[in-house]
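Subject: Model handover

Hello,

Here is the model for you to look over. My notes follow it.

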Amino acid sequence: MARTSNVFVRVEPEIKERAEKILEQLGIPMSNAVGMFLRQIVFQRGIPFEMKLPSFEEPVAVRSLTKEQFNTEINKGMEDVRAGRVYSADDVEAEMKQEFGI
């Protein structure tokens with residue numbers, strides 16, 4: 001049997017719990033999953049997934065806008081509504097409950 005070394009990490013309890021549930025369904029012990037992750041770091045010579053900041057537009061401060069800029073922003077929102085690029089409050093609430101437990 002290969003020699004092993006201990007790795008101690010601190011993670012948020014609910015993240016650990018959610019990960020354990022998924023790993024259990026996959027039949028993979030947490031220690032094996034961590035070992036797989038570390039092997040992939042070595043194999044790929046870096047983090048084995050893309051890491052980048054999410055792309056989003058900086059929120060607009062209403063008070064910094066001229067009346068014309070404000071109207072332009074309102075029109076963008078109205079166009080999103082007309083094009084169906086909107087989510088109901090119920091959908092947002094359901095997604096937040098599923099994603100973040102709130």
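The side chains of Lys97 and Glu93 pair in a salt bridge, 3.5 Å from N to O. By salt bridge I mean a side-chain nitrogen of Lys or Arg within 4 Å of a carboxyl oxygen of Asp or Glu. Both residues sit in helix H4 (residues 89–100). They are 4 residues apart, about one turn of the helix. Helices here are DSSP runs of H or I, at least four residues long, numbered from the N terminus. Lys97 is partly exposed, because its relative accessibility is 47%. Glu93 is partly exposed too, at 40%. The classes are: buried under 20% relative accessible area, exposed over 50%, partly exposed in between (1.4 Å probe, protein chains only).

Two points on provenance. This is a predicted model: local features need pLDDT of at least 70, side-chain atom pairs count only at pLDDT 80 or more, and totals for chains, interfaces and linings use all residues. Residues are numbered from 1 along each chain as its sequence is written, and side-chain values use heavy atoms, with hydrogens and water left out.

Back to the charges. The structure holds 7 salt bridges. One of them joins Lys21 to Glu17, with the closest N and O atoms 3.7 Å apart. Both lie in helix H1 (residues 13–26), 4 residues apart, about one turn of the helix. Lys21 is exposed, with a relative accessible area of 51%. Glu17 is partly exposed, at 44%. Arg85 bridges to Asp80, and there the closest N and O atoms are 2.8 Å apart. Asp80 counts as partly exposed, at 29% relative accessibility.

Now H1 itself. The helix has 14 residues and reaches 20 Å from its first C-alpha to its last. That is close to the 20 Å expected at 1.5 Å a residue; the expected span is 1.5 Å times one less than the number of residues.

Last, the surface. A nonpolar patch of about 900 Å² is made by Val7, Val9, Val11, Met30, Val34, Phe37, Leu38, Ile47, Phe49 and Met51. Patch residues have over 30% relative accessible area and no salt bridge; nonpolar side chains (Val, Leu, Ile, Met, Phe, Trp, Tyr) are joined within 5 Å, like charges within 9 Å. Areas come from the Shrake-Rupley method with a 1.4 Å probe; for residues, only the protein chains shown count as cover. Phe37 lies in helix H2 (residues 30–44). Phe37 is partly exposed, with a relative accessible area of 35%.

Best wishes

Technical notes. Helices (H or I, at least four residues) and strands (E, at least two) are DSSP runs, numbered from the N terminus.
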